[in-house]
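User: I'd like to learn how to read a few features in a model like this one. Could you walk me through them?

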Amino acid sequence: MIIWFAKFRMPSDAVTVSSAEELHRTFGDILPALAAQNPTAYRLTRVLKARAPPLYVSDAVLRHWLLRHVDAEPIN
């Protein structure tokens, strides 16, 4: 249990967002460049969690943001 908690808990300095609008309003200046290099929600999630401070966004919110704010077709 302790190993699981250490591996999967959210860091104390983590930033969270709960909607695509909040994500765009708060991080819209950096996300297009990151999304160009990481065009899927899965890959973008990994990049955002690796930031300092880490940014935690659900897969559904990232998919919604990608559909609304990125011109390229999503890669499946």
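Predicted model: local features only at pLDDT ≥ 70, side-chain atom pairs only at ≥ 80, totals over all residues.

User: Where does Pro 53 lie?

Analyst: Residues are numbered from 1 along each chain as its sequence is written, and side-chain values use heavy atoms, with hydrogens and water left out. Helices (H or I, at least four residues) and strands (E, at least two) are DSSP runs, numbered from the N terminus. Pro 53 sits in the loop between helix 4 (41-49) and strand 2 (55-56). A cis peptide bond, with omega about -5°, joins Ala 52 to Pro 53.

User: Is Asn 38 buried or exposed?

Analyst: Buried means under 20% relative accessible area, exposed over 50%, and partly exposed in between (1.4 Å probe, protein chains only). Asn 38 counts as buried because its relative accessibility is 11%. Asn 38 lies in the loop between helix 3 (31-37) and helix 4.

User: And which residues form the nonpolar core?

Analyst: In soluble globular proteins, nonpolar side chains tend to be buried together. A nonpolar core is a set of buried Ala, Val, Leu, Ile, Met, Phe, Trp, Tyr and Cys residues joined through side-chain atoms within 4.5 Å. Here the largest one has 16 residues, and those with the most contacts inside it include Leu 44, Leu 62 and Trp 65. Helix 5 gives the most to this core, four residues.

User: What does Leu 44 touch?

Analyst: Contact means heavy atoms within 4.5 Å. Leaving out residues up to four places away in sequence, Leu 44 touches Leu 34, Ala 35, Asn 38, Leu 62 and Leu 66.
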